[in-house]
Amino acid sequence: MKEISMHILDIVMNSIKAGATLIEINIYDSIKNNCLIITIKDNGIGMSSETAKLVTDPFFTTRTTRKVGLGIPMLKEACERCNGSMEINSEIGKGTVIKCCFERNNIDRAPLGNMGDTIMTIVNSLEECELIYNHKTDEGTFSLNTIEVREVLDGASIKSGEILLWVKEYVNENIKSISII
Ligand SMILES: Nc1ncnc2c1ncn2[C@@H]1O[C@H](COP(=O)(O)OP(=O)(O)OP(=O)(O)O)[C@@H](O)[C@H]1O
Ligand SMILES: [Mg+2]
């Protein structure tokens, strides 16, 4: 079973490939409401409604190197396996929103995984693109915005080893401080 953070990484890589300049990841993790909701939003090239419907089929991809795209179908499968669902809203020229809901206490729900590692990997893959990450639980909220991080860095690279490690630890520490069981 793939950790949900790995699916998030796949979906964000699609947004980067789609030329997004702003990507937003929202996680809502609640015991109270027994749900884990993840939304990934980008302002990339978008998809036609026909493509958006087709991408959930593992035999569809616009890649020319091979015919099978797996990122979206695998996430859909992970949601549906635990009584959840996935929804894609996309518009050409505007961008894409992928929303997934998982039944939190379902035995087949994959663990969220290490979001610090995932966010660090994403930040390291950003070119002319910013990331906003919001994480909300029953205990509180945490946000990371690369625009704000860059401001503090005052021209230094956000991709230096030191900063990337800081991003990873900052994310993990903050998630821990609002984590629920
Ligand atoms: N955010 C997005 N913006 C625009 N098009 C997208 C986006 N996400 C997915 N697509 C389109 O949907 C197709 C399928 O995506 P999916 O992640 O399932 O497979 P893939 O990226 O082609 O291959 P894989 O993820 O297995 O490496 C992509 O090839 C792309 O054409
Ligand atoms: Mg993909």
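Student: What makes the span of α1 close to the expected one?
Tutor: α1 has 14 residues and reaches 20 Å from its first C-alpha to its last. The expected span is 1.5 Å times one less than the number of residues, so α1 is close to the 20 Å expected. Helices are DSSP runs of H or I with at least four residues, strands are runs of E with at least two, and both are numbered from the N terminus.

Student: Where do these positions come from?
Tutor: This is a predicted model, where local features need pLDDT of at least 70, side-chain atom pairs count only at pLDDT 80 or more, and totals for chains, interfaces and linings use all residues. Residues are numbered from 1 along each chain as its sequence is written, while chains are lettered from A and ligands numbered from 1 in the order in which they are written.

Student: Which residues of α1 are buried?
Tutor: Ile-4, Ser-5, His-7, Ile-8, Ile-11, Val-12 and Ser-15. A residue is buried if 20 or more other C-beta atoms, placed from the backbone, lie within 10 Å of its own, exposed if 12 or fewer, and partly exposed in between.

Student: How do you know that they are on the same side of α1?
Tutor: They cover an arc of only 155° around the axis, which puts them on the same side. The arc is that of the directions from the helix axis to the C-beta atoms.

Student: What covers the buried residues of α1?
Tutor: The cover includes β1, β2, α3, β4 and α4. Contact here needs C-beta atoms, placed from the backbone, within 7 Å.

Student: Which residues of α3 are buried, and why are they said to share a side?
Tutor: Ile-72, Leu-75, Lys-76, Ala-78 and Cys-79 are buried in α3. They cover an arc of only 160° around the axis, so they lie on the same side of α3. Their cover includes α1, β3 and β4.

Student: What surrounds ligand 1?
Tutor: 19 residues; the closest are Asn-14, Ala-18, Gly-69, Gly-71 and Ile-72. A residue is near a molecule if its C-beta atom, placed from the backbone, lies within 6 Å of it. α1 and α3 each supply at least two residues of this shell.

Student: Why is Ser-160 called exposed?
Tutor: Ser-160 has 11 C-beta neighbours inside 10 Å, so it counts as exposed. Ser-160 is in the loop between α5 and α6.

Student: Why is Asn-83 called partly exposed?
Tutor: Asn-83 has 13 C-beta neighbours inside 10 Å, so it falls in the partly exposed class. Asn-83 lies in the loop between α3 and β3.

Student: How do you know that the radius of gyration agrees with a compact globule?
Tutor: The rule is 2.2 Å times the number of residues to the power 0.38, taken over C-alpha atoms. With 181 residues, it gives a value near 16 Å; the protein has 16 Å, so the two agree. Buried residues make up 28% of the 181.

Key
Contact = placed C-beta atoms within 7 Å.
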